[in-house]
Amino acid sequence: MEEQRKKRIYSGIQPSGIITLGNYFGAVKNWVELQEDYDCLFCIVDMHALTVRQVPADLRKNSLSLVAMYLACGLDPEKNIIYIQSHVPAHAELNWILNTFTYMGELNRMTQFKEKSQRHAENINAGLFTYPCLMASDILLYQTDLVPVGEDQRQHIELTRDLAVRFNNIYGDVFKVPEGFIPKAGARIMSLQEPTKKMSKSAEDANSYISMLDDPRNIVNKIKRAVTDSEAVVRFDPENKPGISNLMNIYSCITGKDHSAIEAEFASQGYGAFKSTVGEALAESVSAIQVKYNQLMNDKGYLEKLISENADKAAYIASKTLSKVKKKVGFLPK
Ligand code: TYM
């Protein structure tokens, strides 16, 4: 009997600096949980990173470091295709074609574009504007079923779906229309200093985010310093108690406990005890990842070989979709 093909997962992270707890809980941790049941590709999206000016040597370093981080977090290099976006030219080729199917009005509505163009007012480049087309190309090239991401990518996934449907309506069944997978607890990890804002690696105040490479003692301190309220009751209420609710979400991601179990656990305790429990638990799980990360970073040859082999595997899958697309739009065969 022919074995049925597993459904496919595709996701990626920009190698544009440190990896935060938001990236881990919003994305990678869920990838690790889903990897057994799906056929997965996890990309290091270096082409996306170029939409903000990069120091070339840092981009190279961050890209390899992200490969090591994916593995250290628990992604199995044998089972998943972990690769670098710029190693597979099909992304850029499909990106061009999809650009011609995307309306300016659609891209204008993207909240990430609006935010980023405010933050990088000196460099509002065309790539930043058409960035969602490149992301759609990533996803659609691989006939993806499911895209596990954090809440901030929801709008991009919607656009990807719209583009797939638009293209299919003109040319027939070319693209699989993907679904987003947005986790319950980790989809939006907030800043530790301004808990109504998303935790972001580009924030100026290093106390507002936790890097996956932060020293464990520093992690405990950052959680201790996290902004909370004065009620002194551990209760989940994102609107009125965003700081405490964020720490509860973080604790829930580490332990798997739900909010009511966490409320019960800390019912008779103050914020000091709650924060130190969350900080210690977090430091422990992040430092276990760091041990593996450091081992992997000592063997760069292994990481380089892995991404080189995987680029070929990804390119093979991508080429099938791309040739179909080229034929459909009317490009002359070579
Ligand atoms: P990026 O690099 O900004 O973020 C990578 C992943 O981390 C999630 N994330 C968060 N989740 C919860 N709380 C937070 N504070 C937080 N901050 C970031 C993001 O939602 C994302 O899942 N455009 C994408 C990368 C990309 C991509 C793709 C993703 C390019 N092509 C194809 C999926 C499929 C981005 O910039 O993510």
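I289 is in contact with Y24, M69, A72, C73 and M212, leaving aside its neighbours within four places in sequence. The residue sits in helix α12, which spans residues 271-297, in what is a predicted model. With a relative accessible area of 6%, I289 falls under the 20% limit and is therefore buried.

- The C-alpha atoms of I289 and T51 are separated by 29 Å.
- Along the chain, these two residues are 238 residues apart.

**Ligand site**
- The ligand is surrounded by 26 residues, and the closest are Q14, Y131, D138, D152 and I189.
- D152 places a polar side-chain atom 2.4 Å from an oxygen atom of the ligand.
- I189 has a backbone N or O atom 2.8 Å from a nitrogen atom of the ligand.
- For G22, a backbone N or O atom lies 3.1 Å from a nitrogen atom of the ligand.
- The ligand taken alone exposes 710 Å², of which the protein buries 97%.
- Two or more residues of the shell come from each of β1 (8-13), α1 (21-34) and α7 (126-141).
- The shell divides by class into 12 nonpolar, 10 polar and 4 charged residues.

- W31 belongs to helix α1, one of the elements that give two or more residues to the shell around the ligand.
- The relative accessible area of W31 is 0%, so the residue counts as buried.
- Not counting residues up to four places away in sequence, W31 touches S11, G12, I13, F42, Y70, L75 and P148.
- Strands β1 and β2 run parallel and are joined by 6 bridges.
- Strand β2 (residues 39-44) is largely enclosed by the rest of the structure, because 5 of its 6 residues are buried.

**N95 in helix α4**
- N95 is found in helix α4, residues 90-99.
- Its contacts, not counting residues up to four places away in sequence, are T130, C133, L134 and S137.
- N95 has a relative accessible area of 14%, which is under 20%, so this residue too is buried.

- Most residues other than glycine have a negative phi.
- Q143 has a positive phi near 50° and is not a glycine.
- Q143 lies in the loop between α7 and β4 (146-148).
- The loop between α9 (216-224) and α10 (242-255) holds A232.
- A232 is partly exposed, because its relative accessibility of 43% falls between the 20% and 50% limits.

Key: Residues are numbered from 1 along each chain as its sequence is written. This is a predicted model: local features need pLDDT of at least 70, side-chain atom pairs count only at pLDDT 80 or more; totals for chains, interfaces and linings use all residues. Side-chain values use heavy atoms; hydrogens and water are left out. A residue is near a molecule or strand if one of its heavy atoms lies within 4 Å of it. A polar contact is a pair of N or O atoms within 3.5 Å; within protein, one must be able to donate a hydrogen and the other to accept it, and residues adjacent in sequence count only if both atoms are side-chain atoms. Accessible areas come from the Shrake-Rupley method with a 1.4 Å probe; for residues, only the protein chains shown count as cover. Helices (H or I, at least four residues) and strands (E, at least two) are DSSP runs, numbered from the N terminus. Ala, Val, Leu, Ile, Met, Phe, Trp, Tyr, Cys and Pro count as nonpolar, Asp, Glu, Lys and Arg as charged, and the others, Gly among them, as polar. Buried means under 20% relative accessible area, exposed over 50%, partly exposed in between (1.4 Å probe, protein chains only). Contact means heavy atoms within 4.5 Å. Two strands pair if DSSP finds at least two bridges between them.
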